[in-house]
Amino acid sequence: MGARMTTEETEFPASLGAVAPRGLAAHGITRVAQLTEWSERELLEIHGVGPKAIRILREELGSRGLNFRDQ
């Protein structure tokens with residue numbers, strides 16, 4: 001049915017849009033804390049995750065005292 005991911009389903013900020021959360025979910029990433037297991041470079045390889053998405057995700061991680069995995 002192509003349902004749009006919502007913040008309730010993925011925990012990601014609404015400012016991320018729809019494509020990036022779908023791409024992340026396709027890789028099993030549905031929670032912000034899971035991003036700590038990935039480097040920015042790895043995430044950029046996921047469809048829909050570009051520099052803007054990385055910035056938004058970095059800010060969300062930072063607000064929780066978390067960070068991406070080191071390269």
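**View 1. Ala26 in helix H2 of the predicted model**. In this predicted model, Ala26 belongs to helix H2, which covers residues 19-26. The residue is exposed, and its relative accessible area comes to 65%, a value that lies over the 50% cut-off for that class. His47 stands 21 residues away from Ala26 in sequence, and the two C-alpha atoms are separated by 9.5 Å in space.

View 2. When contacts between residues at least 6 apart in sequence are taken, 44% of them join residues that are at least 24 apart.

**View 3. The salt bridge between Arg64 and Glu11**. Six salt bridges are counted in the model, and one of them pairs Arg64 with Glu11, with 3.3 Å between the closest N and O atoms. Arg64 is located in the segment after helix H4 (51-63), whereas Glu11 sits in the loop between helix H1 (7-10) and H2, so the pair ties together parts of the chain that are 53 residues apart in sequence. Both side chains belong to partly exposed residues, Arg64 having a relative accessible area of 39% and Glu11 one of 27%. The two residues also take part in a network of salt bridges, in which Glu11, Arg31, Glu60 and Arg64 are linked.

**View 4. The salt bridge between Arg58 and Glu40**. Here the closest N and O atoms of Arg58 and Glu40 are 3.1 Å apart, and the two residues form a salt bridge. The pair links distant parts of the chain, with Arg58 in helix H4 and Glu40 in helix H3 (residues 40-44), at a separation of 18 residues. Arg58 counts as partly exposed at 38% relative accessibility, and Glu40 also counts as partly exposed, at 23%; the latter value is assigned to this class because buried means under 20% relative accessible area.

**View 5. The salt bridge between Glu59 and Arg55 within helix H4**. The side chains of Glu59 and Arg55 meet in a salt bridge, for which the N to O distance is 3.5 Å. Both residues lie in helix H4, where they are four residues apart, about one turn of the helix. Glu59 is exposed, with a relative accessible area of 51%, whereas Arg55 is counted as partly exposed at 38% relative accessibility.

Key. Residues numbered from 1 in each chain as written. Predicted model: local features only at pLDDT ≥ 70, side-chain atom pairs only at ≥ 80, totals over all residues. Heavy atoms only, no water. Contact = heavy atoms within 4.5 Å. Helix = DSSP H or I, 4+ residues; strand = E, 2+ residues; numbered from the N terminus. Buried < 20%, exposed > 50% of the residue type's maximum accessible area, 1.4 Å probe, protein only. Salt bridge = Lys/Arg side-chain N within 4 Å of Asp/Glu carboxyl O.
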